[in-house]
Amino acid sequence: MKSYCKNIDISDTDFIEKAIWNCLSNRDRGDYHRQDIQRVIKEYGTIDKMAAQMSHDIKCRQLNLPPVIPDKRIDRCNGKLREITIEDIWQQFYDYVAANGLEPSLARLGYYQCGCVVGKGQIWGIQMLHGFLQKTRYVLHCDIKKCYPSIPQDKLFAFLAKFVRNEPLLWLIRELVTHTTEKGISIGSRLSITLCQLYLSQVYHHMEGLHKTRRGKSRPLIDKILIFMDDIYITGNSISDLHKAKTELMRYCEKELSLSIKENWIVVDGINATVDAMGFRLNKDYTKMRRINYLRTKRSMDRFIKKPNMKTAQTLVSRTTNVKYSDSYHFRKKYQWKKISKKARRIISHESKVLNATAGGCNNDRWQYSLLPDSDKRRTGGSSGSGNTGDAH
């Protein structure tokens with residue numbers, strides 16, 4: 001088995017600074033006023049001092065992590081009540097260090113495994129699944145029951161130890177996971193996303209390698225498999241073969257990974273019905289919005305027309321994906337989507353320019369720069385990459 005992460009030094013200050021910068025760059029401007037962020041700024045002042053302290057803690061094998069706060073929230077997409085853990089910003093820095101350290105191991109992920117690799121998100125998954133329907137007729141859709149809390153920690157750590165040849169990184173992952181929760185992995189953590197996808201890569205490779213013997217020849221049991229987070233889509237031209245694949249999938253998940261498949265699995269005919277996947281409804285000939293997304297997009301347009309301001313404009317623009325990547329010609333024409341969305345983007349652009357021109361606007365828009373020792377230099381191109389969201393050396 002190929003090993004990964006051998007040359008990653010998670011105690012290197014430059015590596016840690018980049019992880020801290022990634023964490024802060026993915027936050028909203030309003031988070032600047034959070035108590036934990038203000039506490040860290042007051043205690044350390046600059047990112048290089050934070051990195052030096054984290055490097056010392058990793059080398060000494062002693063993390064001083066604040067306690068996590070358990071919380072229950074309702075998912076706006078489906079109304080489910082989810083138990084999450086709210087981590088302190090100091091622990092989130094370590095999460096990004098561990099996640100960045102695991103990046104070389106993402107080569108283990110299946111090609112059609114979405115939700116973790118940059119460029120392979122929801123839209124990429126929809127496009128791939130729509131392409132599958134051009135060659136195959138049936139789609140088996142199932143998902144894992146309470147995926148994150150159900151992943152056994154002992155099996156997860158044993159799986160990582162097989163191909164990750166980096167003792168400090170394995171130690172850090174173990175400390176972060178066990179500090180956050182006693183069972184499974186937490187929901188909402190940057191590290192949890194990577195760990196979940198790596199663990200489910202075993203499902204991908206096992207199902208992809210399934211074969212059947214027919215007329216003395218070995219043939220693949222399924223055509224394609226696509227995994228988006230904890231949702232599994234398997235395509236094929238034979239219903240009986242998909243049922244066999246479902247049985248083997250349930251057996252493998254339960255016996256080998258200690259995971260369970262929900263009973264609401266379904267086999268959909270891609271010609272006579274639509275596949276409800278990743279916020280869209282797919283058919284061989286078209287892709288359309290899910291009904292709830294259609295209603296939300298229409299309501300966002302109505303609110304913006306009645307009250308065109310920054311808030312309603314941002315809400316409307318956030319629905320662009322629903323319209324852009326679906327066959328919504330009549331919707332665009334009937335409700336003048338192009339004209340209204342253009343007006344919304346113009347308002348957002350104008351408000352952003354006004355904010356940057358105000359006295360504290362630039363600092364609020366790029367408040368991470370206030371944590372850097374050479375803030376003026378970095379505003380003028382001190383960091384590499386688009387948007388200056390990468391390196392902080």
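Two residues are in contact when they have heavy atoms within 4.5 Å of each other. The legends below use that term throughout.

This is a predicted model, in which local features need pLDDT of at least 70, side-chain atom pairs count only at pLDDT 80 or more, and totals for chains, interfaces and linings use all residues. Residues are numbered from 1 along each chain as its sequence is written, and side-chain values use heavy atoms, with hydrogens and water left out.

**Figure 1. The whole chain.** The chain contains 17 helices and 12 strands. Helices (H or I, at least four residues) and strands (E, at least two) are DSSP runs, numbered from the N terminus. A residue is called buried under 20% relative accessible area, exposed over 50%, and partly exposed in between, using a 1.4 Å probe and protein chains only. Of the 393 residues, 47% count as buried. Among contacts between residues at least 6 apart in sequence, 71% join residues at least 24 apart.

**Figure 2. Asp143 in strand β4.** Asp143 lies in β4. Its relative accessibility is 12%, so Asp143 counts as buried. Apart from neighbours within four places in sequence, Asp143 is in contact with Asp230, Asp231, Ser260, Ile261, Lys262 and Asn264.

**Figure 3. An open sheet of 5 strands.** The strand order is β3-β7-β8-β4-β9, and the pairing is mixed. Two strands pair if DSSP finds at least two bridges between them. The edge strands, β3 (113–114) and β9 (266–269), each pair on one side only. Strand β3 runs parallel to β7 (residues 224–228), with 2 bridges between them. Cys114 has Phe228 in β7 as its bridge partner. Helix α10 (residues 239–256) packs on this sheet and touches β4 (138–143), β8 (231–236) and β9. The direction of α10 makes about 20° with that of β4; axes are lines fitted to C-alpha atoms, for helices over the stretch in contact, and angles run from 0 to 180 degrees between N-to-C directions.

**Figure 4. Helix α10 and its surroundings.** Helix α10 has 18 residues and reaches 25 Å from its first C-alpha to its last, close to the expected 26 Å. The expected span is 1.5 Å times one less than the number of residues. Its buried residues are Asp241, Leu242, Ala245, Lys246, Glu248, Leu249, Tyr252 and Cys253. Elements covering them include β4, α9 (190–208), β5 (211–214), β8 and β9. Ser258 follows the helix and has a positive phi, near 60°.

Figure 5. In α2 (residues 35–44), the buried residues are Asp36, Ile37, Val40, Ile41 and Tyr44. Seen down the helix axis, they fall within an arc of 135°, so they line one face of α2. The arc is that of the directions from the helix axis to the C-beta atoms. An α-helix has 3.6 residues a turn, so residues three or four places apart point the same way. The cover over the buried residues of α2 includes α3 (47–60) and α4 (89–101). On the face turned away from the buried side are the exposed residues Gln35, Lys42 and Glu43.

**Figure 6. The β5–β6 hairpin.** Strand β5 pairs with β6 (residues 217–220) in the antiparallel sense over 4 bridges. His211 stands opposite Pro220 in β6. The two strands form a hairpin with 2 residues between them, and Arg215 in the turn has a positive phi of about 55°.

Figure 7. The structure holds 0 disulfides, a disulfide being a pair of cysteine sulfur atoms within 2.5 Å. For Cys142, the nearest cysteine sulfur is that of Cys253, 7.7 Å away. Cys142 is buried because its relative accessible area is 2%. Cys114 is also buried, with a value of 0%.

Figure 8. Cys5 is in the segment before α1 (13–25). Phi of Cys5 is near 65°, a positive value in a residue other than glycine. At 4% relative accessibility, Cys5 counts as buried. Met229 sits in the loop between β7 and β8 and has a positive phi of about 55°, although it is not a glycine. Met229 counts as partly exposed, at 21% relative accessibility.

**Figure 9. Pro149 in helix α6.** Pro149 belongs to α6 (residues 147–150). Its relative accessibility is 39%, so Pro149 counts as partly exposed. Beyond its neighbours within four places in sequence, Pro149 is in contact with Lys183, Gly184 and Ile185. Pro149 and Thr181 are 32 residues apart in sequence, and their C-alpha atoms are 8.9 Å apart in space.
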